[in-house]
Amino acid sequence: MPDKQSLTHLAYSSVVDAIEEVIGENGKKAVFRFAGLENLIDNPLDYDTEARVPYEYVSKLFFGVREILGNKGYNAVMYRGGIISVENMVKNSEPLRALIAMELDPVEKLKMGYQVYVRNSGYDPEEILKHIPEIREMLIHRADCSECNGLVNKNEMIKDITKPGCFFIKGIMQGIGYCFKKEIEVMAEEIKCRLIGDEECLFRMRYEVIKAKD
Ligand SMILES: [Zn+2]
C-alpha cells in the first residue's frame, strides 16, 4: 500500500531539478539548508519510480520553497517540477512511451494517461476521474490533495493565498497533457483548492483534438 501523501524518488528528484532550473544551484542549496535537508545536498536521491521518500522530506522541501521564494516563487518552481516529473516518468517507463505512440483516439490516450497517474498515486480512477466528452474536459477530484495537506490548517501561512495553489499537481496534469501534444492540446487548471477554503482540490483539463485520425 503506497503512502499516498508521499512522493516517489523520481517525483522528488524532479522537484529538486526544477528548483535548480529556476533559482540555480546555490538557491537550491539554500532551500535545502533552510528546510533542514542538508544531507540531500551531497547525497541526492535517484529517479526510482517505485521507492518513496518519507513524507517528512516532502513537507520540509515544500515548506522550504514557499518560505524562501514566497507563494509566487513556489507556484513557478512547483509547476515546473510537475512538468519535469512527467518527463522523467516517460523517460523511465516503456509502457508510458508505448501508450504515447499507440495508434488510438487521442482523447482515449489522454484519458488513459490520467488513469495511469491516478492509479499510481493510489486512487481509483472510477472514483476521482470524470470525463465529460460533451464539453471536452476531464476532472480529477482530490479531496485529500497531498500537496496542500500539510498547509490546510496553517492559517498564518496561507492567509495571503487567494487563488488555487497546488501547482505541483497542476504541473503534473499539464505535463501529462503535453505527452500527447502532437495530437491534442490540453489546458490544465486547478479550479477548486482547499488552500482557499474549498472542500476539495479539483483539477480540470480542457482539451481540443488537433489532428483528427484518418
Ligand atoms: Zn489545491
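Which residues of the largest nonpolar core touch the most other members? The points below start there; please keep in mind that this is a predicted model.

1. **The core.** The largest nonpolar core has 53 residues, and those that touch the most other members are Val 15, Val 65, Met 78, Cys 166, Met 173 and Phe 203. At least two residues each come from helix 1 (9-35), helix 3, helix 5 (106-120), strand 2, helix 8, strand 3 and strand 4. Helix 3 gives the most, with 13 residues. As background, nonpolar side chains tend to be buried together in soluble globular proteins.

2. **Val 65 up close.** Setting aside residues up to four places away in sequence, Val 65 touches Ile 19, Val 31, Tyr 74, Val 77 and Met 78.

3. Four strands make an open sheet in the order 1-2-4-3, with antiparallel pairing. Strand 1 (129-132) and strand 3 (184-192) are the edge strands, each pairing on one side only. From one strand to the next, the twist averages 20°. Helix 8 (residues 167-178) packs on this sheet, where it touches strand 2 (137-142), strand 3 and strand 4, and its direction makes about 165° with that of strand 3.

4. **How the strands pair.** Strand 1 and strand 2 are joined by four bridges, with Leu 129 opposite Ile 140 in strand 2. These two strands form a hairpin with four residues between them, and Arg 136 in the turn has a positive phi of about 50°. Strand 2 and strand 4 share six bridges; there, His 141 has Leu 202 of strand 4 as its bridge partner. Strand 3 and strand 4 (residues 201-209) pair over eight bridges, and Lys 192 stands opposite Leu 202 in strand 4.

5. **The two faces of strand 2.**

6. **Helix 8.** Eleven of the twelve residues of helix 8 are buried, including Phe 167, Phe 168, Lys 170, Met 173 and Gln 174. Among the elements that cover the buried residues are helix 1, helix 3, helix 5, strand 2, strand 3 and strand 4. The length of helix 8 checks out, because twelve residues at 1.5 Å a residue should span 16 Å, and the end C-alpha atoms are 16 Å apart.

7. **Cys 201.** Apart from neighbours within four places in sequence, Cys 201 is in contact with Arg 142, Cys 145, Cys 148, Cys 166, Glu 190, Lys 192, Cys 193 and Arg 194. Cys 201 and Glu 147 are 54 residues apart along the chain, with their C-alpha atoms separated by 9.7 Å.

8. **Arg 52.** Finally, a loop residue: Arg 52 sits between helix 2 (39-42) and helix 3 (55-92). Arg 52 is partly exposed, because 19 other C-beta atoms lie within 10 Å. Between Arg 52 and Gln 5 there are 9.9 Å, C-alpha to C-alpha, although they are 47 residues apart in sequence.

Terms used
Residues are numbered from 1 along each chain as its sequence is written. This is a predicted model: local features need pLDDT of at least 70, side-chain atom pairs count only at pLDDT 80 or more; totals for chains, interfaces and linings use all residues. A residue is buried if 20 or more other C-beta atoms lie within 10 Å of its own, exposed if 12 or fewer, and partly exposed in between; C-beta atoms are placed from the backbone. Two strands pair if DSSP finds at least two bridges between them. Axes are lines fitted to C-alpha atoms, for helices over the stretch in contact, and angles run from 0 to 180 degrees between N-to-C directions. Two residues are in contact if their C-beta atoms, placed from the backbone, lie within 7 Å. A nonpolar core is a set of buried Ala, Val, Leu, Ile, Met, Phe, Trp, Tyr and Cys residues joined through C-beta atoms within 7 Å. The expected span of a helix is 1.5 Å times one less than its number of residues.
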